[in-house]
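Visitor: Could you take me closely through the surroundings of the ligand, with the cut-offs spelled out?

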Amino acid sequence: MVHYGLFMALGLWIVAMSFASEYFLTWLNFLNVARQAAPIVIIAIGMTFVIATAGIDLSVGSLVAFTSCLAATWLADGTPLALVIPAILIVGTVAGIINGYFVTLALPAFVVTLAALVYLRGFAFVYSNGYAVPITNDLFLAIGRGQFLGVHIPIWIAAVVAIVGWFVVTKTRFGLYALAIGGREEAARLMGIKVERIKIAVYGATGFLAALGSIVISARLSNGSPNSGIMLELDVITATVLGGTSLFGGVARIGGTVAGVLFINFVRNGLNLMGVNPFWVQVVTGLILLLAVLLNTVVNRRVEEWARLGDTEREGQT
Amino acid sequence: MTVPFVEMHNISKRFGAVVALRRVNLILQNGEVLGLVGDNAAGKSTLMKILSGAYTPDAGEILVEGTTMKFENPISARTAGIEMIYQDYALVPQLTVTQNIFLGREHMRRRFGVATLDNRRMDSEAGTMFQMLGLRVSSVTSPVQELSGGQQQAVAIARATAFDAKLVIMDEPTASLGVPAIAKVRETIVRLKQNDVAVIMISHRLEDVFSVADRVIVMKHGQVVGMRDVSDTATDEIVHMIVAGTDPRQPAAPDDPEPS
Ligand SMILES: Nc1ncnc2c1ncn2[C@@H]1O[C@H](COP(=O)(O)OP(=O)(O)OP(=O)(O)O)[C@@H](O)[C@H]1O
Ligand SMILES: [Mg+2]
């Protein structure tokens, strides 16, 4: 129910904004918003898995910065693209696996990934000396700017990632086990699920997707920068939580996550089109996060209690 | 003489400074219903978690049908036909009834060359399972957190009995149930016994034990106090054994030399 609330809010916002600005409801604007949203969607699909296991990953923004610096430098050194891309994805995956490994030692994911947030951005600065490195490789830039059938490549990538994510959650053992672990880890363990292995894989996949998102972002901005992806983790977490994935684990909503990302980006886009001071946009983003958590915890609990009550009443009648 | 289904020999287990079990022996025949009773912290749950593979013993030996077993995890015990219904049911609240029943042993089918969950088949099998068991749940696709306590237990029972178990261990199955639900649990135990499935039931309610069990084992402080055939004893004697921690039919055994 809360879940559909988000889709309704998104719909209402789109209708309201289409009255406020003629440009808002154009295909061009939609593509523009979707293209901006694409890397967030890519990373938020990973975050959906992490949060579903009752974890959190605060390090994705810093990982974007680090991998973007690596990619830009390697390309500038003349390393072939066919090597750079797999290498970047491997770096991201390894960074995620390291997070996952520490989480399986029963350290709080919040602290483990906060540490990674700090040291990964540190690496990014060390590696780049603090300067953004321009990217000139046309093929690489096409990942961020090219089009296929009139739709930007980042949107295609995000769509594929979202579909694969949905498939994994609903159709595979891996997805089911991630939910089981997030729902009640002890029960999952008693049913023979290899909890550690799944957790490490979930963080590893998120690292992989952060690296993929980083490639899309640096290809669009045509540089690798240690300042890239600042506060990105907050957008990603807001969208995921707004989409109905439970912060307490056990529930993952891929469709909700995609809608959550679009919602945040459409709100920003609408405010921009109306000429609202960009500093206010940040205030609004913070308020959306608060709203997301409120819906996720308080309202969800109410709805659940209500559902359970309804159930026992029905039982009493039969 | 037939080989017993389960033999546990000299099982010991400690948690840090706490000695939970001290050289415990237990023998269970095929299709036998055994009541396991004793005061709180006697070690009943620990002994059963060892048998179900959730804990590994510090010392001792487990034989199933005469073969020594090493249960590293619940999967290996399940493969040997031993299922356990945990005191808290060990269900994942957000997963559906079906998902909980099949958790860890899902039906799969190939799709696009990938092994995927056969959700439809599992849902339909779960539905039939509940009909056969005569258990009622509103729907196999609702999350178990939306079920009442008794319905959740039905799910746990279904999970433990649906996969050709030869022994079902129930840890205080009647602790939180109303009268009709308790009757249902007793029926389930009788039905299992008829199908030659052994049952070990931990319970503080002696009337439940006396109504379904063939034999009772009394534990205290991590040791077996004594054992009785239900036909050969009365509630008073069992209560005495639980409280005093001694077997009135045995001459006072010399105290255990090991310091406690
Ligand atoms: N995981 C554990 N960690 C530490 N100590 C434990 C653990 N499990 C059991 N114990 C200890 O072992 C002893 C036996 O516990 P157990 O749960 O087996 O008792 P029980 O007979 O099932 O009691 P109850 O009737 O209250 O359920 C207790 O002293 C308990 O505190
Ligand atoms: Mg117990």
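Guide: What follows describes the ligand shell and then the sheet and helix beside it. This is a predicted model, in which local features need pLDDT of at least 70 and side-chain atom pairs count only at pLDDT 80 or more, while totals for chains, interfaces and linings use all residues. Residues are numbered from 1 along each chain as its sequence is written, chains are lettered from A and ligands numbered from 1 in the order in which they are written, and side-chain values use heavy atoms, with hydrogens and water left out.

Ligand 1 is surrounded by 15 residues, the closest being B:N40, B:A41, B:K44, B:S45 and B:T46, where a residue is near if one of its heavy atoms lies within 4 Å. Among the polar contacts (pairs of N or O atoms within 3.5 Å), an oxygen atom of ligand 1 is 2.5 Å from an N or O atom in the side chain of B:T46, and a nitrogen atom of ligand 1 is 3.2 Å from an N or O atom in the side chain of B:Y55. The protein covers 65% of the 630 Å² of accessible area (Shrake-Rupley, 1.4 Å probe) that ligand 1 has on its own.

Helix 1 of chain B gives the largest share of this shell, three residues; helices here are DSSP runs of H or I with at least four residues, and strands are runs of E with at least two. Chain B also has an open, antiparallel sheet of four strands in the order 2-1-4-5, two strands being paired if DSSP finds at least two bridges between them. Strand 2 (18–28) and strand 5 (67–69) of chain B each have a single partner strand, so one side of each is left without a neighbour in the sheet.

Technical notes
Polar contact = N/O pair within 3.5 Å; in protein donor to acceptor, adjacent residues only side chain to side chain.
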